[in-house]
Every structure is written in C-alpha cells, then in structure tokens.
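Hi,

Here is the structure I promised to pass on. Have a look at it first, and my notes on what turned up follow below.

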Amino acid sequence: MASQNTIVVIDDESQIRKILSITLGAEGFKVIEASKGKEGIVAVANNHPQLVILDLGLPDEDGFTVLKEIRTWSNIPIIILSVRNSEDDIVKALDLGADDYVTKPFNTAELIARIRANIRRTQLPDSQSVVVNGDLKIDFSKRLIYKNDEELKVTNTEYMLLFLLFRNLDKVLTHNYLLKEIWGPVHSEDSQYLRVFIGQIRKKIEDDPAHPKYITTDSGVGYRMRLINN
Amino acid sequence: METPVKKNESGELNIETAAKHFKSYIRKIWNSSITKYFLSAFIISISGLLLYLIHLHIGYQSISLVFLFIISLLPLMNFKPGPIFLAAVMSALIWNFFFIPPYYTFRIGKVEDAMMFLMYFVIASVSGLLISRIRTQQILINQKERRTAALYNLTRDLSSSRSLDDVTQCSVNHLKETFHSEVVFLYPETDKSLKSSVHPASTFKIDDAERNVAQISFLSSQKVGRFTHNVSSISPVTYVPLTTKSRKYGVAGLIFPEDALLDTEAESLLDTFIAQISTAIEREYLTELAKNNLVIAESEKLYKTLFDSISHELKTPITTIIGAISSLKDEKINGNRNIILQLIDEAGIATERLKRLVENLLDITRLERGNLKLKKDWHSIADLLYSSISRVESDSSNRKINCNIEEDAGLYNFDYPLLEQALINILHNSIEYTGDECKIDVTAKRRSDSIVITISDDGKGFPENEIKNLFTKFYRIPGTKAGGTGLGLSIAKGFIEAHGGTIKAQNRPGGGAEFIILLPINS
C-alpha cells in the first residue's frame, strides 16, 4: 500500500529538489529526493510513494527509461517535469504512461493542484457508474450524458470521447491516445478528426464554446476534462 | 620556335639546354632512315676493305661467314629491314667481285662457288630480316612493359595520395615522366567555367586564349588541341577533360615534345592515365564532400549542446525563483516564518547562480572579441587571494579553504577584478566537483621572475585523458553532475593569459587535482 503523502522527486538539479521539498513539505507531503534515474527507481520501489515527480533530462539515463522501468511494475501517478517547448517529449512521456506534466519554470500552486488531482484520481473507484462534474453528468451504464439534468443528444463517437474524458477527469489525454482508442491505430496521425469532434462536443456542453471550461486544450499535447468544483 | 641554345637572364650560355638539344639532334639523325642506308653501305665497305687485307690468310669461304656475322649485328643497332637488305646485297656482290676467284669479275668459276654465293645471299637476307623482326618485337614488348610499369606506378602513387593537391602533384609528375611533356591542370570554378589560374603543381602557365581552348574541352568533355580534330591548328597544347560517369572535374593540358607522334598505343595509354587520374580526383572530391558534411553535422551538434546547456542553466535558477515566489503567496506557507526564510534563501542562491552565469557569458564575450583592456594597478597578492576565497566561501558556506601565502608574496601590477574573477572561477570549480569532506588548499610563492599560485584539493582528481580539454570553452567532462556551462575555467585561462601568465592543471601524485598559475613579474 502506498505510504500516505510521500512523493519521490527525481531531478538532477539540487536546487529544484530543494525548492520542491520546501514547498511540498509545507503542504504536508514527505519528499524523498533522488538525483539520478537508478536512484529514483530504487526510491520508488522502496518507499511506495503516492506520486512521482520525474525530470526528463537526467544525467545517467533519460527520464523515458525511468518512466518505462517504473511502468513495468507500478501504475503509481507520475508527473513529468519538463522544459517548455518540448511538446514532442511530453507527448512521448504521456504515451509511455506518464499521468501528467508540468513545464519549467512552474508555478508552485499549479504544481500542487496537479499533484492533488492525480492523487485523488487514483483514489476514485474505477467502477463508478455515474460521474458528476460541474453541470455535467455522465451515466456510463445507460450511455447517457446530461447537462443541468437535461439529456444531451450526442453521436456515438462524441459519446466515446466524452466517456474517455470523464473516465480520466483532470488528466491530459494525448491526441495519439484518443485517436487510437476511438478510430484504431491506423488513424493515430489524423488529429484533424479530433479537432472536429471536440468542436462539436464543446458546442453541446460548454456555456461559451469559444472559452471552454470543461474540455481544455493543451496545445500540441492533447485535451483535458477539467474537474469543476461544485 | 625557341632557339636550341637559349640565353638565360644572366647572359651566360645555358649549357644544359644546349647539350640537351644537341643530343636530340643526334638522335634524330641516327633515327632517320636515309642515314641508316648510308651507314649500312659504309659498314659493309669498310669490312670489305679490312677483309681484303687478310683474305689470303683465311681463305675466301670464311669471308662469307664474317659478312654474315656483321649483317646479323645490324638489327641490334636499330637497323630497319631496308638497310639490312641493302647490306646483304652489297656484301654478296663485294664477296663475289673481290674474293671469289676469278677475282675482279662477277663471274664465278666453280659450280660449288656459285651455289655458295646463292646460299650466302639467301641466308644473309633472311637471317638479317628475321633478326630485325625479333628486335622490333622486343622493342615493342619493352615499350609495352614500360607503359604497364608507368601505369602501375601511377595507380600506386595515386592511391596513396591523400588530398586533391597530392593527386594533382602526383599526376603531373607521372604524365611528365611518361609522355616527356609539360603538364597543366585546371579545376573548375563553377559547374560551367574553369578557374582563371592553373593548379600550382602545373609545369607551365597558360594565357587567356589558351584558357578558352581548355574551357571548350571542359564544356564538351572532349579532347581539344594538338593531335585532335578540334581547334588543333590554334593550340600547341592537347587538352584532355577529366571526367567520370557522374561529373566533370576539370581539364589536363599537355605539351608533347615537338617531334612526338601520338600513335594509337600512346593515345590509349594517355586515356588510361587520364581515366585513373579522374577517378582519383573523384575519390578526393567525395572524401572532401563527406568531410564537409561531417563538419556541418558536428557544428550543428555543438550548437545544440550549447543551446541546451545554456537554456538549462538559465531555466533552473529561474524555476527556483518563480517556485519560491509563487509559494510565498500560498496561505499554508506564508504563515510559517521558517519556511519563508528557507524559500528566500533558495531564491537568493538561484539569483547568485543566475548572476554568475550572466557574468560568465559577458566575460567570454569580452575575451572572444579580443578587446580586453587591462586596468592595471599595484595590489597585494595576499589581498587578491583572501578576497577571492572569502567570496567563494560566502557562496558555499559549508566549505573551508586553507590558505598559505608566503610573507613576501608582495605587490604585483595587475587588473584586480579580472584576476579575482579568474581565481573565483577556479575555486568555484574545485568546490563544485569535490565532495564536502575534501580539503582545498591555496598557496602563493614568489620566485625570482614569477609568482606561483596553486589551488589544490584532495578529491578524485581529473580523468587523465580529459586534462587537455579542461580549459576548452563550453567543454564539460562527460558524466559530471548537472549545472555549469563549461565556461568558468576557459575564462580563468583567458584572464590569466591576458596578464602574460599561464595556467595548467594536473593530478597530484598523492591524489586530487591541482591548478598551477604562473604570473610573470616584469619589474
């Protein structure tokens, strides 16, 4: 079982580790630092943390290798720390099984919000048949979606997209992942399909489709169903 | 045409040239066929005269054998069948007239003498001709062998040439030697035109008109000039294009000797030579191309490494500062004074790091531009060392640096901020790359002509094969920890050298690294 409130930080920069351990410590987390990939893997294995923060640029082996290694035996939430403008790396990490990402330089409040969201998600029971988010409600058993308790008419593909987004509340889903899940591996490059369908869904669920609050775009990476507090 | 004997600039006779011309003149006469006819008649007459003096002692039958002997020698002196036949006829007649009785008449008295006369005539002609044919064949074989050897030597030398200049030099030498010709090589400026100047290995120069002829050869990929059907009347030079299946590489021009005949064999040899040379040039061209591509790839890689390292160095402190500041807004944090202080400390360290990076980048730019002006003044060496050490110690509070300065290290004329920065960079390097438990020692000694400053530690030392790279700009020893641009030591070296000093790095015999700085004392 995961040790309560323990987070492993794998980053080669001691300054980053220090600032994270001060701020996360103040939030009530216990931080275990690792400066190298191998060290990090051992720390995750020994301490059963609730979450891992992983830098992609490590000296001994790159973050991807660490990510793959951890994913072979654990589905613990992993947040990637990455420099900005490296969407390709972020997408690659997410496709390899990372749960979320934060770009450097990061805002501590944002990081903490992400950490909490990811920890919360792991604690949600998988088999919930009804999920409520803001004004929206999805009923997985009946395959129905409601806004302000009114049923919305959605096509099959739109429902599939909403299903995936609701099942992964507050988690970014990459274009690649969504395309593969819905249209199969052959279409994994055709992200214009997605843009069209997301546009249609936004018209149905958002109050102001031009400024979406439910489905937000992580540019160059994917889409995310924001968790709206009631 | 040049006169055979030419005066050189100093006015003396050029004896070597004269001798050469004389020799070629003799050879020409010797080789002409009319001379040979006269010569063979002369040889036979002289031998006839000599034999007449002794014929009473040896008998007239043996005379024929002597004649036969002489005739069989003629082919060895490069006599052609014509003169040999003449010698055979003459000797037969002389023998008949002067030696076979009755003397001084062409009549032959005995039947066996008549038979001998006929047989002599046939044998002399046939054997002379046969020997001459064998001789001709032998000459041809020799010639072929020489050509094969020449070709072999050319390919061998070409294959060991390692640059275009090498290939050209080697080609010029071999063409000159094999074809007794003067040689010029022209390489292209663009795809369509040749360079205006010939390759420096060439043995003669050409003017603009000749260059245009060469240009025709280059563009048409055909032989042009003497011995060809193209503009042969204008040019004394034969231009041969250097081409392979894939490209045109230039033109070779040859001036053959005046009396040369470019027969089929010589021409095919020339073609083979040129084909070999073109291939060698193509090889050099492709090697050069591959090398250039490699250089471009390398410099792109260097640029990326640089960019990555500097952006990483900039981002890490900025991340720390933004992280700290954004945390200070957090309600849970800004109530706790202890954590606030820690965050401010971290932001302060990050700011220092950022400041150092910016300073380093500015310093390296100053060094690179080469307009570093020293503001020299008299300062104490001890002051310099103590202030550098205290600045480094304030950055890294948990490290102690031992200092041992000779009393009379004295005053020295230098730019204080620059040398201080150099020392700080070196000390900072020592602190960064040794463990907290390692000691760092600084010493200063005065010698008669210099001040020696050493900065040493008892850490792991440098990897032996990396010492030569330590002061290279942007170079970082592979596998070292994160942080750093690889600028600090190269800046230190630059500043010390600006003072006429030297710095070197080495491993101490007992373990650990050591920097030795020598600053010259010039009154």
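The buried residues of helix 4 of chain B are covered by, among others, helix 2 (33-58), helix 3 (60-73) and helix 5 (111-160) of chain B. Buried here means that 20 or more other C-beta atoms lie within 10 Å of the residue's own, against 12 or fewer for exposed and partly exposed in between, with C-beta atoms placed from the backbone. The residues in question are Pro83(B), Ile84(B), Ala87(B), Ala88(B), Ser91(B), Ala92(B), Trp95(B) and Phe99(B). Helices (H or I, at least four residues) and strands (E, at least two) are DSSP runs, numbered from the N terminus. Helix 4 (residues 81-99) of chain B also passes a length check: at 1.5 Å a residue its 19 residues should span 27 Å, and the end C-alpha atoms are 26 Å apart, which agrees. (The expected span is 1.5 Å times one less than the number of residues.)

A word on what you are looking at: this is a predicted model, where local features need pLDDT of at least 70 and side-chain atom pairs count only at pLDDT 80 or more, while totals for chains, interfaces and linings use all residues. Residues are numbered from 1 along each chain as its sequence is written, and chains are lettered from A and ligands numbered from 1 in the order in which they are written.

How far to trust it? The model scores ipTM 0.73 and pTM 0.55. For chain B the mean pLDDT (the predictor's confidence in each residue, from 0 to 100) is 84, and 95% of its residues reach 70 or more. Over residues 1-13 of chain B, though, the pLDDT is below 50, and this stretch has 12 contacts in the model beyond near neighbours in sequence. Where pLDDT is low, the predicted coordinates should not be read in detail.

Chain B has 13 helices and 11 strands, and 28% of its 523 residues are buried. Four of its strands, in the order 1-4-3-2, form an open sheet with antiparallel pairing; two strands pair if DSSP finds at least two bridges between them. Strand 1 (182-186) and strand 2 (224-225) of chain B are at the edges with a single partner strand each, so one side of each has no neighbour in the sheet. Strand 1 of chain B pairs with strand 4 (residues 248-255) of chain B over 5 bridges, and Phe185(B) has Ala252(B) as its bridge partner. Helix 6 (residues 164-179) of chain B lies across those two strands, at about 150° to strand 1 of chain B. (Angles run from 0 to 180 degrees between N-to-C directions, with axes fitted to C-alpha atoms, for helices over the stretch in contact.) Helix 8 of chain B packs on the sheet too, touching strand 3 (238-243) and strand 4 of chain B.

Now the interface: 24 residues of chain B are in contact with 18 residues of chain A, contact meaning C-beta atoms, placed from the backbone, within 7 Å. Which element of chain B gives the most to that side? Helix 8 of chain B does, with 11 residues.

Chain A has an open sheet of 5 strands in the order 2-1-3-4-5, with parallel pairing. The twist averages 20° from one strand to the next. Strand 3 (residues 51-55) and strand 4 (residues 78-83) of chain A are joined by 4 bridges, and Asp55(A) stands opposite Leu81(A).

Cheers
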